[in-house]
Amino acid sequence: MGVMVDFLWKEERLAVQVDGPNRTRRNPDEALADLILQNAGYRVLHLTEHEVTEEPDRVAELLKRELRPGR
């Protein structure tokens, strides 16, 4: 596939990217990476560094929903 992601659940077809603390929009390379992943059948979830470090319970709930069988 040729795309690096921060977290990958292959069987569930979920890729997670953790964006830096001051991210307000994606650059063209990130948009292309998302497109490549989506064309390969992956759902792509972007989280901010703040969400991961400061809101771990909310992130855990989000991931549980995303990883639920039949999703």
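Among contacts (heavy atoms within 4.5 Å) between residues at least 6 apart in sequence, 59% join residues at least 24 apart. This is a predicted model, where local features need pLDDT of at least 70 and side-chain atom pairs count only at pLDDT 80 or more, while totals for chains, interfaces and linings use all residues. Residues are numbered from 1 along each chain as its sequence is written, and side-chain values use heavy atoms, with hydrogens and water left out.

**Overall build**
- You'll find 3 helices and 3 strands here; these are DSSP runs numbered from the N terminus, with helices being H or I of at least four residues and strands E of at least two.
- Going along the sequence, the pattern reads β-β-α-β-α-α.
- The radius of gyration, taken over C-alpha atoms, is 12 Å, close to the 11 Å that the globule rule (2.2 Å times the number of residues to the power 0.38) gives for 71 residues, so the protein is as compact as a globular protein of that length.
- Buried residues, meaning those under 20% relative accessible area (1.4 Å probe, protein chains only), make up 24% of the 71 residues.

**The sheet**
- The 3 strands form an open sheet in the order S1-S2-S3, with mixed pairing; two strands pair if DSSP finds at least two bridges between them.
- S1 (7-9) and S3 (43-48) are the edge strands, each with a single partner strand, so one side of each has no neighbour in the sheet.
- From one strand to the next, the twist averages 15°.
- S2 (residues 14-19) and S3 run parallel and are joined by 6 bridges.
- Alanine 15 sits opposite valine 44 in S3.

**Helices on the sheet**
- Helix H1 (residues 28-39) lies across S2 and S3, at about 145° to S3; axes are lines fitted to C-alpha atoms, for helices over the stretch in contact, and angles run from 0 to 180 degrees between N-to-C directions.
- Helix H3 (residues 56-67) packs on the sheet too, touching S1, S2 and S3, and its direction makes about 180° with that of S3.

**Two residues to look up**
- Aspartate 34 lies in helix H1 and counts as buried, because its relative accessibility is 4%.
- The aspartate 34 side chain makes a polar contact with the side chain of histidine 46 (2.8 Å); such a contact is a pair of N or O atoms within 3.5 Å, and within protein one must be able to donate a hydrogen and the other to accept it, with residues adjacent in sequence counting only if both atoms are side-chain atoms.
- Arginine 13, in the loop between S1 and S2, has a positive phi of about 60° although it is not a glycine.
- At 32% relative accessibility, arginine 13 counts as partly exposed, the class between buried and exposed (over 50%).
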